[in-house]
Amino acid sequence: MRREHVDSTAIDSVGYDPMTSVLEIAFTSGEVYRYFAVPPSVHRGLMSADSAGRFFAERIRHVYPDEHVRR
């Protein structure tokens, strides 16, 4: 999945597939996770948030099922 860089100390890049509602996040630590059943509005919110890390913590982590992706 192609990811777009975001200006964040916690998140390096974000990808989203609207056909499958899968959100993929690469963190600055090098970890990559996929989140499932994520609505397009949540992806848009993440990309436009003043703090992508805070948005992730409040609106995505522990809300959507996830999978750790090995690099």
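## Strands, a helix pair and the overall fold

Of the contacts in the protein chain between residues at least 6 apart in sequence, 36% join residues at least 24 apart, with contact meaning heavy atoms within 4.5 Å. Bear in mind that this is a predicted model, where local features need pLDDT of at least 70, side-chain atom pairs count only at pLDDT 80 or more, and totals for chains, interfaces and linings use all residues. Residues are numbered from 1 along each chain as its sequence is written, and side-chain values use heavy atoms, leaving out hydrogens and water.

On to the overall layout. The protein chain has 2 helices and 5 strands, and from the N terminus they run β-β-β-β-α-α-β. These are DSSP runs, with helices being H or I of at least four residues and strands being E of at least two, numbered from the N terminus. The C-alpha trace spans about 25 × 25 × 20 Å along its principal axes. A compact globule of 71 residues would have a radius of gyration near 11 Å, and the protein chain agrees, at 11 Å; that radius is taken over C-alpha atoms, and the globule rule is 2.2 Å times the number of residues to the power 0.38. Buried residues account for 38% of the 71, where buried means under 20% relative accessible area, exposed over 50% and partly exposed in between (1.4 Å probe, protein chains only).

Now for strand E2 (residues 11–17): 5 of its 7 residues are buried, so it is largely enclosed by the rest of the structure. Here are its pairings, where two strands pair if DSSP finds at least two bridges between them:

| Strand pair | Sense | Bridges |
|---|---|---|
| E1 (residues 4–5) and E2 | antiparallel | 2 bridges |
| E2 and E3 (residues 22–27) | antiparallel | 6 bridges |

Ser 13 of E2 is the bridge partner of His 5, and Ser 13 also stands opposite Ala 26 in E3. A hairpin of 5 residues joins E1 to E2. The hairpin of E2 and E3 has 4 residues between the strands, and there Ser 21 takes a positive phi near 60°.

What about the helices? The axes of H1 (residues 40–48) and H2 (residues 52–59) come within 8 Å and cross at roughly 150°. H1 and H2 are therefore roughly antiparallel to each other, a label for angles over 145 degrees, with under 35 roughly parallel, 65 to 115 roughly perpendicular and the rest oblique. Val 42, Gly 45 and Leu 46 of H1 meet Ala 52, Phe 55, Phe 56 and Arg 59 of H2 in the contact.

Terms used: Axes are lines fitted to C-alpha atoms, for helices over the stretch in contact, and angles run from 0 to 180 degrees between N-to-C directions.
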